[in-house]
Amino acid sequence: MTASAGPALEVRNVSLSFKGVKAISDLSFQVTRREICALIGPNGAGKSSLLNILNGVYTPDSGEIVFEGEHFRRMQPLEAARRGIGRGFQNNALFSGMSVLDNVIAGLSRHSRVTLVEEAFRLPRALGQERAFRDRALEVLKLFDLEKYAETLVGTLPYGVQKKVEIARAIVAKPRLLLLDEPLAGMNAAEKQEIAAVIARLNRELDLTVVLIEHDIGIVLKLAHHVVVLDYGRKLADGPPETIRDNPDVIAAYLGSENAEAAA
Amino acid sequence: MSEINLPAAAEPIDQVGLKVLTIVATLALLVTAPFLASEYWINAIIVPFLILSLAGLGLNLLTGYGGQLSLGAGAFMMVGAYATFSLQLRVPELPLPLALIVAGFIAGAVGLAFGIPSTRIKGFYLIVSTLAAQFFFEWLFLKFPWFYNGNSSATIALSRGLSFFGLDANSPHGRYYLTLGIVALLTLLSFNLIRGQTGRNWMAIRDMDTAAAVIGVPVFRAKLQAFAVSSFILGIAGALWAFAYLGSASVQSFGLTRSYQILFIIIIGGLGTIRGAYLGAGFVSLLPLALDWLFQHLFSGHVDAGLLQNIQKAIFGLLIIWFLIKEPEGLARLLSLRRTQGARRRLFPS
Amino acid sequence: MNMFLETLIGGLLAGTMYSLVAIGFVLIYKASGVFNYAQGSLLLFAALTFVTLTDQGVPALGAIAVTIGLLVLTAITIEKLLLRPLTNRSPMTLFMATLGLSYVVEGVAQGIMGSQVRALNLGIDDLPIFLGDIMISQFDLIAAGVALAIVVVLSLLFNRTRIGIQLRGVADDTRAALSLGIDINRIWQIVWAVAGLVGLVAGLLWGARQGVQFSLSLVVLKALPVLIIGGFTSIPGAIVGGLIVGAGESLAETYIGPYLGGGITPWFAYALALVFLFIRPAGLFGERQIERV
């Protein structure tokens, strides 16, 4: 991988509609390598839909995605994962019938190299991989202070803890681009700080490019290097946090109304 | 971080040792069982119970673990039985155990083919594909005499009987040990799959298939694997059902009713648990006996067989509904020592 | 050519019967998201009740009234004991529950009223009539007419009555309907009862054709491919799907069957449905589902 200075991700003229209703119209922006890019905007602005396009859950009506120099109209979800795009979901999409550890290990699936027969007979390679996966998953759980829940059924945990498991699952396979859909939602202030710190650290230490959706403007302005503001599927503003904070359009459309106090 | 005392997950690693011990003890009991039970019990209850458990296990891998609903268990059993018959008839050099394995692979390949639509369609829509298998094979194996060697009754039976590497397995004890050995081996292999990467992939797809694909679970491959492995096991179960239990079988032995029976076994026993298949099969095998006994004593004499069958049917239906509402994990959870702990798993979340 | 037309028309007429059964499914699916496997057993239950009553000397109208009463009671019971406890569970769980329900209904119905085949005479003669050179079954023609009438009545019911409009509201957006104060449990009861009535009509027509017996409940297996082809959420879909399956089966048996040794009807509809699933997973008239994550 060459350390080119070009954008890690480029969204080019992307449009998406559901049953004739426009969710995203002609959206373009760039995400530079190793930056944290925050997508903000009111509900229904098309933020989650955009993330779904980025890793192949939805196919845009038009436009394309450029990821690490390669052009895509649609990437299959599995292809996206293979290319190093990790994803955390808005409403926890954890595997409720599995333990925390197994949920995180599932994030390593694309690295699995053992065959069915090797697993059925527990041949050395299968056992070795299982051990390696376990170790790696525990390492990531430690990062979130979750080791004690490793064997717990994930569906029984409080929401905030589940959110962390979800991020752990998204980064366990060492993605190069991490998409997070409201990773801080439903958390208390201390938890928010904790997770924001982890995201910042991942970004710094692992050279991880992050695109995240978040409603807490206070945290966004501190955490993000780059903010894209969406409203009704259109780009309202795009730039470093300082310029966003002062952008009159944004204040009028978004910050001004519901979140004025957060920005102040 | 708040300290909350939370329940342990389904299969903690440190309990595996204990589990192995239990399995060994159970096996010891199973090995001595023929000397404790009458020939009638071995022939009419224990052997079919074991085979139904195996079939339940096969379906549970696909439906309980993989989340892919199938109403075609009977079809894949049928393929296994007819393949074994053909192999024993036309490739007599092949010893029975190998013929069973080859038949399992044939059933697995067929299952894989009928599983291909699962990559396009989800949830209960998939029953179309599995029902197609059910009806197609009922037609195929009845329509073309080649499959039953032109036999006038359109049934299949092994002319050389059962043997296991030179050991005669035709006696009740022989059939019991043959069945037990195969069931135990396949259970062990399934257990290994379930606690490894394959099982994780299956459960991830069952619990949330879109998310599974996005985080890198190879959904397409894992679904097909589930179909193939499930059908492999069902195929061998079908062969055992035909030749170790019935002796001679026909298409009717593996009809839609059989498919439902296998599905009911895992719903009652416990979807997504290995022991559920055994508990469910035990229940399904014993309930008719219990009802029969009850009616004999209650009405001290003759009860119309048709009525008894209908009562049984209604009771099964009620139990299915009750389990789905109250205990989706079935008897496996009801009988579990850990049942007081924690919330239930939600199988097949919408 | 005449043979082709005869086969086609015969198939289309038979297909209207499939449509009739499939409509019962669509009603329930739209209102409660359940693929009601027990629709076939309810149909058997309705026909069996009617035959048993008339055999006891109850006049036909009285028998119909009692049967309808029982169907309504059944619908209420199902809603209370099955649907309500399973609210918000996955479609697959609901499907399996209705599979269990079908066993209960069949077991109870046959346990009380017997399992033997019963003749049912509706007073419609099954005479062939001729349109030019083409022979058509009079019975099929009348049955098709009845099916058509039911469709018209149901459409009126949905578009003109308050309950129909509420029902459509529930189907389109359950949460919004709830917030408007629509009693969803009552809607479910009504829909299941209406589906039962449609089942009664279908059961009588099918029963008159092939006798009232267990195999009547297996029409559910015909309805499934019909719904896959037409789409689960659309009454026009059920009609068109039924016609396609009816005509397809009839033509396939005549023109393809002989090359395959015949008797391909049981699986042909499924093969056709699988083809449709690959081309149009939502069916001809169904709505595409959007995945939300």
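**Helix packing, core and contacts in a predicted model**

Ala73(B), Gly74(B) and Met77(B) of helix α3(B) meet a set of α10(B) residues made up of Leu256(B), Arg258(B), Ser259(B), Ile262(B) and Leu263(B). By class, the residues of this contact between α3(B) and α10(B) comprise 5 nonpolar, 2 polar and 1 charged. As with everything described here, the contact belongs to a predicted model. In chain B, α3 spans residues 73-90 and α10 spans residues 256-269, and the two helices pack with their axes 7 Å apart, at an angle of about 115 degrees. Because angles of 65 to 115 degrees count as roughly perpendicular, α3(B) is described as roughly perpendicular to α10(B).

Ala81(B) touches Ile156(B), Gly238(B), Ala239(B), Trp241(B), Ala242(B), Ala249(B) and Phe254(B), with residues up to four places away in sequence left out of the list. The largest nonpolar core holds 296 residues, and those that touch the most other members are Ala81(B), Val128(B), Ile320(B), Ala47(C) and Val191(C). Chain A takes part as well: both its domain 1 (1-84 + 175-264) and its domain 2 (99-174) give residues to this core, so the core lies between them. As general background, nonpolar side chains tend to be buried together in soluble globular proteins.

Where they touch, 13 residues of domain 1 are in contact with 12 residues of domain 2. On the domain 1 side, at least two residues each come from α2 (77-82), β7 (177-181) and α7 (189-205) of chain A. Helix α7(A) gives the most to that side, with 4 residues. The class division on the domain 1 side is 10 nonpolar, 1 polar and 2 charged residues.

Definitions and conventions. Residues numbered from 1 in each chain as written. Chains lettered and ligands numbered in written order. Predicted model: local features only at pLDDT ≥ 70, side-chain atom pairs only at ≥ 80, totals over all residues. Core = buried A, V, L, I, M, F, W, Y, C linked by C-beta atoms within 7 Å. Buried ≥ 20, exposed ≤ 12 C-beta atoms within 10 Å, placed from the backbone. Domains from an automatic or database assignment. Contact = placed C-beta atoms within 7 Å. Nonpolar A, V, L, I, M, F, W, Y, C, P; charged D, E, K, R; others polar. Axes fitted to C-alpha atoms, helices over the stretch in contact; angles between N-to-C directions. Parallel < 35°, antiparallel > 145°, perpendicular 65-115°, else oblique.
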